[in-house]
Amino acid sequence: MAAIEIPDADVELAFIRSSGPGGQNVNKVASAVQLRFNLTGTRVLTESAKARLRRLAGNRVTDDGSLLIVARESRSQEQNRRIAFERLHQLIARALIEPKRRYATRPTRGSKERRLAVKHTVKQHKARRGRVSWDD
């Protein structure tokens, strides 16, 4: 499968202040990355791939139809940008895989007979749990 080239027009980056470790750096530097991918407006993906991506992304898709990815693992802005793009590429790669079509099958005669035989033995086993009569 060939890698898809994402146009710059479909991606919008915003840098925000990150929480977590980093000391005074956290209060001064906007190192976290918010990546917005225009899911509804992109022409790179087919409609079926967009639908699969929307399902995979879950609540990361906003009301306006863009996919929002936030990366704040690293103290480096560049590293967080790489992480965000990597996550986007992984999601798109998973969305491009078309699920295999499931063909309906019917149970074989042998499997039906085995199932009925097991049901019969369970029935007999449960019937033996009743009261014992003096006649038997």
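**View 1. Arg72 sits in the loop between strand 3 and helix 3.** Helices here are DSSP runs of H or I with at least four residues, strands are E runs of at least two, and both are numbered from the N terminus. At 38% relative accessibility, Arg72 is partly exposed (buried is under 20%, exposed over 50%, partly exposed in between, with a 1.4 Å probe and protein chains only). Asp8 lies 64 residues away from Arg72 in sequence, and their C-alpha atoms are 21 Å apart. This is a predicted model, where local features need pLDDT of at least 70, side-chain atom pairs count only at pLDDT 80 or more, and totals for chains, interfaces and linings use all residues. Residues are numbered from 1 along each chain as its sequence is written, and side-chain values use heavy atoms, leaving out hydrogens and water.

**View 2. Arg60 is in the loop between helix 2 and strand 3.** Arg60 counts as partly exposed because its relative accessibility is 35%. Val70 is 10 residues from Arg60 along the chain, with 9.4 Å between the C-alpha atoms.

**View 3. Here is the largest nonpolar core, with its 19 residues.** Such a core is a set of buried Ala, Val, Leu, Ile, Met, Phe, Trp, Tyr and Cys residues joined through side-chain atoms within 4.5 Å. Phe37, Leu53, Leu67 and Leu88 touch the most other members. Two or more residues each come from strand 2 (32-38), helix 2 (47-57), strand 3 (66-71) and helix 3 (77-96).

**View 4. Lys119 belongs to helix 4 (residues 109-127).** Lys119 is exposed, with a relative accessible area of 52%.
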